[in-house]
Number of protein chains: 2
Amino acid sequence: MIERGELGLVDRIRKRAAGWTGPQIVAGIGDDCAVFRPNAREDLVFTTDFLIEDVHFRRDTHSPEDIGHKALARGLSDIAAMGAEPRFALLSLALAPWVDDLWVDRFYTGFLRLARRWKTTLAGGDLSHTDKVACDIVACGAVPRGQALRRDSARVGDAVWVSGALGKPWRTHLRPKPRIDVGLAVRGFATAAMDLTDGLALDLHRLCQASGVSAELDRVPVVRGSTQQQALYGGEDYELLFTAPEGVAAPRGCRRIGSIGDGPVGQVSLGGAALPVRGYDHFRL
Amino acid sequence: MIERGELGLVDRIRKRAAGWTGPQIVAGIGDDCAVFRPNAREDLVFTTDFLIEDVHFRRDTHSPEDIGHKALARGLSDIAAMGAEPRFALLSLALAPWVDDLWVDRFYTGFLRLARRWKTTLAGGDLSHTDKVACDIVACGAVPRGQALRRDSARVGDAVWVSGALGKPWRTHLRPKPRIDVGLAVRGFATAAMDLTDGLALDLHRLCQASGVSAELDRVPVVRGSTQQQALYGGEDYELLFTAPEGVAAPRGCRRIGSIGDGPVGQVSLGGAALPVRGYDHFRL
């Protein structure tokens, strides 16, 4: 039960979020729109991502703080994949009948803690109700003009890198870390990048497809306790996948896993064998 | 049933949306983020709005085209309320088990028709699944620096205006018209503005609360066949509510309905009697 209705809830969220407002935010929570003053030397990048009960999280395994954290982390991970710095976020939140004021407060605790870590202003959003909790994050980042890391620009001969080991077990998915720092560090030399959310095999296929190239994997770094299958076809690693000219030194912790080739477009192979195009798909369950 | 999975669906949406891309969109559908190149003379405004099955629409009364239209119209109505021109939109869409490919195609027909009418590029989004269809629109508009119409700047002595008659019956809510043209026309002289979605009494209360003023209504223009009660407390009119100095001529079709006063902050009265703070509230059902 939400006490004091929608006006009371908006007011409480506004007070909680007021702690930090970025210099470019001209108007934030409470108006029809947030107002942002752009900088002409930068391109802006925008992403939106759902986080839905029983699809992306479960109320019995995820605390309200976990859910708030993850809602924002999904958006920031996309910002990282573009090599951008976060600027602001909007959050649409549809609450289920079982949600109470305490749940909402704890949700925003998790959300705002991560927002402050990355200087991301919560500048607006929408509130609604439905049967199962649904969050939709909107995140905006900024990158020097023309320097956004796209996924359609990998080149034959590039090395393929990941920012960490893959196949993370369920528990560590609760508070995924957006790899903003890696995105900023590789922006100068990476030729293409994306974040890993649906499994290495499927996501690298997408990158290759977009770039019109193929990829050959030499090895797959697997987190302790997981299998290569989980690393290839499991989802939600939130590590960065990027390509760069051979010989360039990537940041500490990143691992070289293969190279880009001129085989059949979109094909990803490991040890000479083509991998199936398989991973997390919302419409093949 | 969605054939060909998520990759096929994204590909189909990209092809449908490719007809028109605004000059400032550097990268659109298919990457981690959309990339937008801002203009230093303009502020950018951002809004996000849910449209959820059995909350904002019903499958037995709304065609897929109606739902696609309405998803975008809700976002554009907020852009209108800031006096801004639409630039681009992102759409998050969570599909229910009953949705098939034809439904999705018809949904995008309704969405893209309105997008083209207002030169709004569909630049990205997210796809997911859930029990009931949920859309979340993200809309971005641009306005000359410092000229965004806010709701916290109405002044004592201003006249109160609406862009049309209120209390629209259910059927005409199917394809609400965002009042972009009215927003652009009043930008030069309006002191405050917002769009009417939760009923005049509640929305004008919010504007007065934000501006630290009260309002006295002289009359309430009601659409033929509706009652004053529906006009005051019904939702989803999608007309603009704005304030302006007395004596300024508003655009054709707009009606003067009252004036701003220095009574109790947030109070809205009609014929001398204070109206209850009541209207559409997601958490008081």
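This is a predicted model: local features need pLDDT of at least 70, side-chain atom pairs count only at pLDDT 80 or more; totals for chains, interfaces and linings use all residues.
**Exercise 1.** Determine how chain B is related to chain A, and through which surface the copies meet.

*Solution.* Any two copies of a chain are related by a rotation about an axis and a shift along it. Here, chain B is superposed on chain A by a rotation of 180° with 0.0 Å of shift along the axis, at an RMSD of 0.0 Å. The two copies are thus related as by a two-fold rotation axis. Within chain B, the residue that comes closest to this axis is Ala40(B), whose C-alpha lies at 2.5 Å. Because 100% of the interface residues of chain B are also interface residues in chain A, the copies meet through the same surface.

**Exercise 2.** Trace the open sheet of six strands and identify its edges.

*Solution.* The order is S1(A)-S2(A)-S3(B)-S6(B)-S4(B)-S5(B), with mixed pairing. S1 (25-27) of chain A and S5 (121-129) of chain B each have a single partner strand, so one side of each is left without a neighbour in the sheet. Neighbouring strands are turned by 20° against each other on average, direction ignored. Between the chains, S2 of chain A and S3 of chain B run antiparallel and are joined by three bridges, with Leu44(B) as the bridge partner of Phe36(A).

**Exercise 3.** Check the span of helix H5 (residues 200-211) of chain A and describe its surroundings.

*Solution.* At 1.5 Å a residue, the 12 residues should span 16 Å, which agrees with the 16 Å between the end C-alpha atoms. Of these 12 residues, 11 are buried, including Leu200(A) and Ser211(A). The covering elements include strands S8 and S9 and helix H6 of chain A. After H5(A) comes Gly212(A), with a positive phi near 70°.

How values were computed:
Residues are numbered from 1 along each chain as its sequence is written. Chains are lettered from A and ligands numbered from 1 in the order in which they are written. Helices (H or I, at least four residues) and strands (E, at least two) are DSSP runs, numbered from the N terminus. The expected span of a helix is 1.5 Å times one less than its number of residues. A residue is buried if 20 or more other C-beta atoms lie within 10 Å of its own, exposed if 12 or fewer, and partly exposed in between; C-beta atoms are placed from the backbone. Two residues are in contact if their C-beta atoms, placed from the backbone, lie within 7 Å. Copies are superposed by least squares on the C-alpha atoms of residues with pLDDT of at least 70 in both. Two strands pair if DSSP finds at least two bridges between them. Axes are lines fitted to C-alpha atoms, for helices over the stretch in contact, and angles run from 0 to 180 degrees between N-to-C directions.
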